[in-house]
Amino acid sequence: MARTQISRRSMLRGVLAGSAVAIGLPALEIFYPGRRDVLAQGGFPRRFGIFFWGNGMIPSRWTPTVEGADWGLSYADQKTLPYGERGQLYPLWENDVHQDVTVVTGMSVMTASTVAHGSGASGIFSGTSLNNGSFPGQSIDQRVADAIGSGTIYRSIETSCEVNNAAALTGPSWSFQDANSQNPSAASPHLLFDRIFGANFVEPGGTPVIDPKNALRRSVLDAVGDDVRRLQRRVGRADKTRLDQHLSSIRALELRLALLDSNPPSFASCRRPTEPPVSFPLDRENRIDLRKINAAFAEIHALALACDLTRVFSHWMTGSVSSLRFPEYEAVNKVDAANQPIDPLLQVSGHHQLTHDEPGDQPYVHEIVLNVMDQYAAMIKAMKGVPEGNGTLLDNMVLFATSDCSLGRQHRLADYPILLAGSAGGKLRQGIHYKSSGENASKVLLSIAQAVGLQISEFGGDAGLTTSGLSAIEV
Amino acid sequence: MTSSRSYLRGLLLAPLLASCVGDIGEPPNVDDPPFVPGAPAFAPAPGTLRRLTSSQYRASIAEVIGPEIIIVTRLEPDRRPPYGNDENGNERGELLAIGAASNGLSASGVENYVNAAYEIAGQALANTTVHSRIVTCTPAGAVDDACVGEIVDSIGGRLFRRPVTPEERAGYVGVARQASTVLGTFDEGLEFALAAVLMSPNFIYRDELGDDVSTGERRLTPHQLATRLSFFLWAEPPDDELRSHADDGSLFDATVLDAQVARMLADDRVRSGVRAFFDDMLALYDLDKLSKSPVAFVQFTPDVRESAREETLLFLEEHIVTDHGDFRDVFTSPRTFVDRRLASIYNVPAPTLVGFDEIVYPSWMERRGLLGQVSFLALQSHADKTSAVLRGRFVRERLMCSKVPDPPPNLNTAIPPPTADNPTLRDRVFDHFQNPSCRGCHQMMDPIGLAFEHFDALGRFRTQEPFTDEAGQVTYHVISTEGSLAGLPYDDAAGLAQILHDHPDVPNCLVRTMYRYATGHVEITSETRQMRALEAAFRASGYDVLDLMHAMATSLGFQLAAPPVLDP
């Protein structure tokens with residue numbers, strides 16, 4: 001990566017010679033070689049997003065009855081059915097995004113099933129088995145970020161609708177730079193907005209005003225980088241890896257400061273999103289407003305991609321083993337399939353517990369999955385709402401939706417939930433239902449990775465290894 | 001306490017039974033762990049970099065820069081180490097203190113440190129009180145390298161917990177010089193230099209790598225030792241006195257070390273140290289995630305989370321620091337400290353309108369000690385109902401240091417719904433004891449968990465469990481809380497508390513957890529003798545936690561560090 005010493009010094013001279021002035025600084029490519037493709041060709045970069053929820057689904061109610069390009073027709077006559085009797089992908093039909101979504105059913109995470117929830121997440125996001133119970137290495141989003149994200153201001157962005165650390169306002173994630181380095185997810189839309197669209201964001205067409213402090217801030221980072229390098233000489237292997245990551249984050253901040261003084265690239269759809277409220281009120285049952293929080297994140301992600309602030313995001317809407325209590329159920333006070341009254345207390349229990357304790361055909365769990373799919377549809381619509389060229393942002397990306405198991409009650413790894421929205425610039429087929437009979441789910445990940453620009457010929461390890469993508473979903 | 005302390009020292013200074021580490025050489029007088037049959041010779045574990053936890057970071061800023069500073073920036077969340085075992089199959093432990101010594105820092109985490117540094121530096125120079133505390137020289141002009149150097153030495157030395165090197169100082173002075181030149185004032189230049197110091201890895205990470213002393217033995221440097229002592233005992237960086245003993249190297253003198261540890265344990269700041277340890281050991285920070293339906297549990301509001309955390313910490317602080325109580329009594333103690341919220345959950349009169357005050361449970365009440373508190377009963381429950389598994393697992397793993405294996409992932413782990421024949425939780429988990437694939441692990445957890453069934457998912461006392469039949473009729477069923485642990489029968493939670501009180505695994509688990517917390521690593525096989533020595537010391541002290549802290553802080557394992565593991 002190009003060092004920034006020269007430009008900073010010349011800028012400083014400029015500042016010292018007179019007052020702060022708006023000047024067009026060296027072309028972007030000097031700092032961001034990764035962007036040259038986009039700028040030179042006038043095209044749009046490919047992007048990758050993950051939409052994750054915890055605790056799986058119910059395969060028998062998930063799989064569309066129709067295969068192929070007309071899978072949405074599975075739901076054509078379900079509008080009049082009671083909410084709880086609709087198929088789990090009904091919300092994609094209802095929101096008219098079924099033609100954007102390729103549904104892959106019947107595939108299996110092949111890796112070892114040793115730890116409930118962890119094994120599925122490890123298998124789907126790394127293609128390999130857990131290593132002694134913990135995530136084995138780099139997750140797919142971070143591998144993609146290494147390939148296509150290093151040229152953007154933010155290498156990747158992680159978010160969640162759930163808070164699991166109240167002080168940090170962060171949430172769960174399966175995004176790992178390596179086994180010891182998990183990326184926490186931002187759980188406050190407002191904090192994320194502030195971070196990437198706050199005072200430091202320059203809207204397209206706006207001219208950056210050179211703030212002499214930016215150059216000084218880079219000098220500060222230089223000094224800190226020197227400290228890190230000196231410390232590195234003394235440490236062992238594990239700490240060296242930690243400090244390497246620290247140092248590369250420092251470098252990324254230096255580059256970001258450099259870019260602040262440059263003219264922003266003019267992507268036509270780039271703008272600042274609506275500023276989300278500082279907090280979203282809980283309902284009278286102390287439950288979060290999932291729909292509003294998710295919508296705020298969806299808008300920020302869509303516009304962060306539109307502005308090329310990042311090319312990779314992962315939205316861990318709810319975490320593995322999530323105990324989130326979902327909003328009101330339609331099935332409240334109803335009876336289950338066996339005509340047994342549903343335990344009234346169940347309606348106030350958390351998602352994970354419901355997947356294990358709710359008897360019968362699990363009407364509450366089913367409604368939760370419908371709710372999850374509503375949020376996925378909302379995120380797809382947010383991406384489709386950003387025009388790019390003759391199409392939309394969604395055409396230039398893949399928004400991959402999955403969970404940490406299929407049937408939550410059993411943590412099943414067969415019949416894995418796999419949905420792909422977008423075609424990654426025409427590389428992937430959109431709007432089909434491919435029904436597999438137990439193929440390796442890693443094949444889908446390889447297809448996605450190749451489609452978004454990660455140059456690999458195999459994905460996964462041990463039983464999860466694949467050397468070929470899933471041709472049925474490739475163009 | 002004095003007598004038990006000196007008895008304890010006597011024990012640890014007893015004649016060496018075996019030469020475990022060869023010649024200790026200079027510095028002398030570190031107690032050698034005793035011989036343990038079958039255990040290998042003592043050898044320390046490698047030292048690591050330990051990232052400051054959020055609370056350690058905040059305490060450092062308050063101590064060094066000033067309590068006036070308000071840090072709004074959200075710092076990288078503290079996390080436990082990755083789940084499960086490491087690549088060698090060794091346990092990783094579950095403490096934030098271990099995670100801080102092994103987890104990597106995310107990109108947003110580094111960004112947050114940078115933001116916090118500017119925030120703190122800006123406030124420090126804008127606040128006249130803090131300004132006069134920091135700027136101890138009169139600058140000769142906008143650029144004054146000497147004055148900046150003096151401030152960097154003073155503030156940087158305290159933030160880094162060791163003297164700033166000339167090379168480092170030159171870097172920061174250079175930053176200040178450049179900034180003062182561009183921006184025109186001394187203070188603005190200093191602000192950037194301070195920010196650089198605040199975002200330096202030398203501040204963010206506690207270097208406990210150790211160093212080779214003259215005889216070739218590797219141990220923590222006096223400054224590293226002072227840092228480890230201070231964060232262990234006080235949860236904050238070293239004060240002037242401790243630092244002066246590090247500066248002149250006298251901390252290597254066993255008598256000085258012993259006196260410093262005694263001084264620190266007698267200081268009120270040890271209360272913060274005890275709180276920080278138990279917050280980590282009992283994972284009380286998980287109370288952040290406590291969520292109950294206010295319809296089912298009218299007393300639950302989000303404020304209960306902080307109340308429950310405070311109750312447990314105050315209870316432990318009073319028992320351990322104020323009373324020098326026997327640690328085992330935390331299970332059987334009839335008293336606790338509650339505010340109005342908790343009093344209503346416990347169904348006792350509130351002792352005070354504002355804040356917390358002491359209550360003593362009447363003898364007929366079953367509620368006792370640590371495990372009668374909301375921080376355990378509600379946190380180790382589901383949102384709507386109790387869980388024998390969660391409660392039992394917590395006791396086994398966190399308090400007894402046993403490892404309960406994970407359930408096989410492909411198993412249907414659903415607990416059957418209540419029926420007229422099986423209305424209570426004990427009836428419903430019956431299969432856990434019948435099914436051979438469940439029994440092995442669940443026998444470790446469920447009997448313990450079921451002992452607490454007289455406390456509902458929020459921690460309210462009850463003797464009956466309601467069951468709603470098909471017709472909507474509610475019937476109430478008497479809850480049985482009987483069981484046995486280690487062959488000893490109990491009738492209810494109070495009886496189990498007495499068995500835990502007498503169980504040797506419980507104090508030994510405290511020793512092990514505290515050693516991990518203090519040193520930032522999971523003990524290795526060659527530290528077995530050290531663990532045994534500390535267990536014996538704890539026992540000999542009458543289970544006085546402060547005495548254990550004293551023994552630990554002066555132990556060999558606390559002071560030595562093997563060289564870092566380099567590339568193979």
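## A buried histidine in chain A

A:His352 has a relative accessibility of 17%, so A:His352 counts as buried. Buried means under 20% relative accessible area, exposed over 50%, and partly exposed in between (1.4 Å probe, protein chains only). The residue sits in helix 12 of chain A. Helices (H or I, at least four residues) and strands (E, at least two) are DSSP runs, numbered from the N terminus.

The side chain of A:His352 makes a polar contact with the side chain of A:His356, at 3.0 Å. A polar contact is a pair of N or O atoms within 3.5 Å; within protein, one must be able to donate a hydrogen and the other to accept it, and residues adjacent in sequence count only if both atoms are side-chain atoms. Leaving out residues up to four places away in sequence, A:His352 touches A:Asn55, A:His117, A:Val321, A:Ser322, A:Ser323 and A:His411. Contact means heavy atoms within 4.5 Å.

## The model and its conventions

This is a predicted model: local features need pLDDT of at least 70, side-chain atom pairs count only at pLDDT 80 or more, and totals for chains, interfaces and linings use all residues. Residues are numbered from 1 along each chain as its sequence is written, chains are lettered from A and ligands numbered from 1 in the order in which they are written, and side-chain values use heavy atoms, with hydrogens and water left out.

## Chain A as a whole

Chain A has 14 helices and 13 strands. Of its 475 residues, 61% are buried. Take the contacts in chain A between residues at least 6 apart in sequence: 75% of them join residues at least 24 apart.

Chain A exposes about 16,800 Å², and carbon and sulfur atoms supply 50% of that area. Accessible areas come from the Shrake-Rupley method with a 1.4 Å probe; for residues, only the protein chains shown count as cover.

## An enclosed strand

Strand 8 of chain A covers residues 312–316. Five of its five residues are buried, so strand 8 is largely enclosed by the rest of the structure. In a regular strand the side chains alternate between the two faces of the sheet. In strand 8 of chain A, both faces are covered. A:Val312, A:Ser314 and A:Trp316 lie on one side, A:Phe313 and A:His315 on the other, and all are buried.

Strand 8 of chain A has parallel pairings with strand 1 (residues 47–52), over five bridges, and with strand 3 (residues 157–159), over three bridges. Two strands pair if DSSP finds at least two bridges between them. A:Phe51 stands opposite A:His315. A:Ile157 has A:Phe313 as its bridge partner.

## Where chains A and B meet

The contact takes 75 residues from chain A and 84 residues from chain B. The area buried between them is about 6,500 Å², with 56% from carbon and sulfur atoms. Buried area is the accessible area (1.4 Å probe) that two parts lose on being put together, summed over both. In chain A, A:Arg234, A:Arg237 and A:Arg242 lose the most area to chain B, together 11% of what that side buries.

Four salt bridges cross the interface. A salt bridge is a side-chain nitrogen of Lys or Arg within 4 Å of a carboxyl oxygen of Asp or Glu. A:Arg195 forms a salt bridge with B:Glu111, the closest N and O atoms being 2.6 Å apart. Helix 9 of chain A gives the most to the side of chain A that touches chain B, with 13 residues.
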